Amino acid sequence: MNKIYFLLSLLIICSNLFTLYGSLLIKYDSPYVKIDQVTKPQYYYSNKTKEQLNTPPIPLSKRFVLLILDGCRADSFFINQNDYFQSKMLEGQFGLSITEVPTETRTCHMNLFSGRPEDPNSLFYGWTKTPHEFDSIWFHLNYSLLVGPESAIMNYKNMQGKKINTGEKIPKNKHFILRMQLSSEILMNQFPPMNGEPDDIKKMNFPKTGYFLNFEGVDSAGHFYDSKSVKYFRLLNHASNEIKKIEKIVNNHFEDKLTTFIVTSDHGMSEQGAHGGESKYELTTPYLIWGNGISKSKELMPNEKRVKSVYEFEDFDSWNFPKNRKRIDIEQNSIASLLSSTLGVGFPANSIGIINENILYPNNHYRAASLLTNFKQLYTLFDGLLGVPQSNTQFPIYIILNNYFGRSKVSIKTYNL
Ligand SMILES: [Zn+2]
């Protein structure tokens with residue numbers, strides 16, 4: 001009898017361990033799969049001559065400038081609006097961008113650049129390192145310059161043809177505000193043509209380039225003083241003024257008006273100045289996009305109500321949105337694909353982002369081609385993901401089924417619009 005009890009207990013323990021192993025395998029299986037196919041928009045008309053095949057219906061952007069206000073809360077950004085951002089909201093689109101947990105800088109940058117939340121395996125590296133290579137928008141550009149703190153951009157240091165600049169170290173003995181303002185100035189000075197480096201300036205003229213600047217002062221002020229403090233707002237204002245200067249520098253340097261600008265933040269922040277969690281204040285970030293390839297925010301019809309948010313804020317009415325303009329809320333993971341569309345470059349292969357076509361310039365062909373590319377890229381990803389568990393699994397039933405039926409092969413056709 002004891003022997004039966006022993007065997008039964010052993011069986012129960014084994015089945016529990018097996019279930020635990022299965023759950024961990026699913027949870028920690030990397031969502032990133034290797035996809036060799038590059039899916040990029042094809043903007044052309046089917047009945048045109050060969051020379052016109054690759055002529056886009058609207059001039060594509062030659063570059064984008066992505067400016068991050070690190071740790072900026074959505075409410076802080078919109079309540080604390082200045083005239084400059086107000087005018088940009090009329091010129092382009094704005095709203096909430098919802099990020100993912102953990103709401104940490106590096107992981108949110110992954111969501112922004114590759115359209116996919118962090119690989120859970122990074123937990124074993126303290127969320128400081130991604131254990132494998134991953135596709136991001138930077139891989140599809142001819143030249144990119146990323147400037148910001150080391151922790152934020154070191155994930156991209158092995159990319160070829162890209163320049164990573166972490167900047168000079170700021171002396172610790174300076175007053176906090178001065179130190180943070182200095183960090184913004186150092187950041188600005190590395191931005192071509194401010195840095196005066198002929199090589200950078202030459203490369204800026206390449207088509208399909210991208211620039212990324214990360215203003216960390218806001219996040220630091222939130223950590224030191226909290227996200228409702230005067231210093232937090234002071235540094236937010238300072239960074240906003242720097243952004244205004246950057247737009248001027250870019251527009252003075254290029255007269256082609258083929259630049260797309262986007263201002264957003266990686267994650268929000270709790271009132272106590274912390275982030276990493278899943279409160280609505282940490283998960284919601286602001287975004288503001290304008291320039292080439294972007295539509296103007298739509299006017300609200302009389303009696304039309306403001307857009308409802310996934311996260312409702314009690315003080316929404318006090319947010320300084322432009323009067324009578326429609327807000328469009330997005331998922332942060334759609335930003336990389338959106339920028340790929342405006343430049344006509346490949347979409348990040350592992351992105352799960354879905355573009356909101358209303359943000360794109362209102363040309364039917366341009367919007368349709370972007371959505372079709374988005375669909376094809378998601379379809380290819382789905383096919384890739386479908387193959388991983390089926391081909392890697394050791395479960396006998398799957399091995400038998402695979403042998404009999406094989407893995408479904410998805411073929412993707414290119415349609416001439
Ligand atoms: Zn932080």
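**A walk from a helix pair to the core**

Helix α8 (residues 217-225) packs with helix α9 (residues 230-253) at an angle of about 175 degrees, their axes 8 Å apart. That angle makes α8 roughly antiparallel to α9, a label for angles over 145 degrees. The axes are lines fitted to C-alpha atoms over the stretch in contact, and angles run from 0 to 180 degrees between N-to-C directions. Helices here are DSSP runs (H or I, at least four residues), as are strands (E, at least two), numbered from the N terminus.

Before going on, note that this is a predicted model, where local features need pLDDT of at least 70, side-chain atom pairs count only at pLDDT 80 or more, and totals for chains, interfaces and linings use all residues. Residues are numbered from 1 along each chain as its sequence is written.

Now look at strand β3 (residues 143-147), where five of five residues are buried, meaning 20 or more other C-beta atoms, placed from the backbone, lie within 10 Å of a residue's own. Y143, L145 and V147 point one way from β3, while S144 and L146 point the other way. β3 pairs with strand β5 (residues 209-215) in the parallel sense over five bridges; pairing takes at least two DSSP bridges. Opposite S144 you will find G210 of β5.

Finally, the largest nonpolar core has 66 residues, of which L66, L67, L69, V218, L288 and I289 touch the most other members. Such a core is a set of buried Ala, Val, Leu, Ile, Met, Phe, Trp, Tyr and Cys residues joined through C-beta atoms within 7 Å.

Definitions and conventions: A residue is buried if 20 or more other C-beta atoms lie within 10 Å of its own, exposed if 12 or fewer, and partly exposed in between; C-beta atoms are placed from the backbone. Angles under 35 degrees count as roughly parallel, over 145 as roughly antiparallel, 65 to 115 as roughly perpendicular and the rest as oblique.
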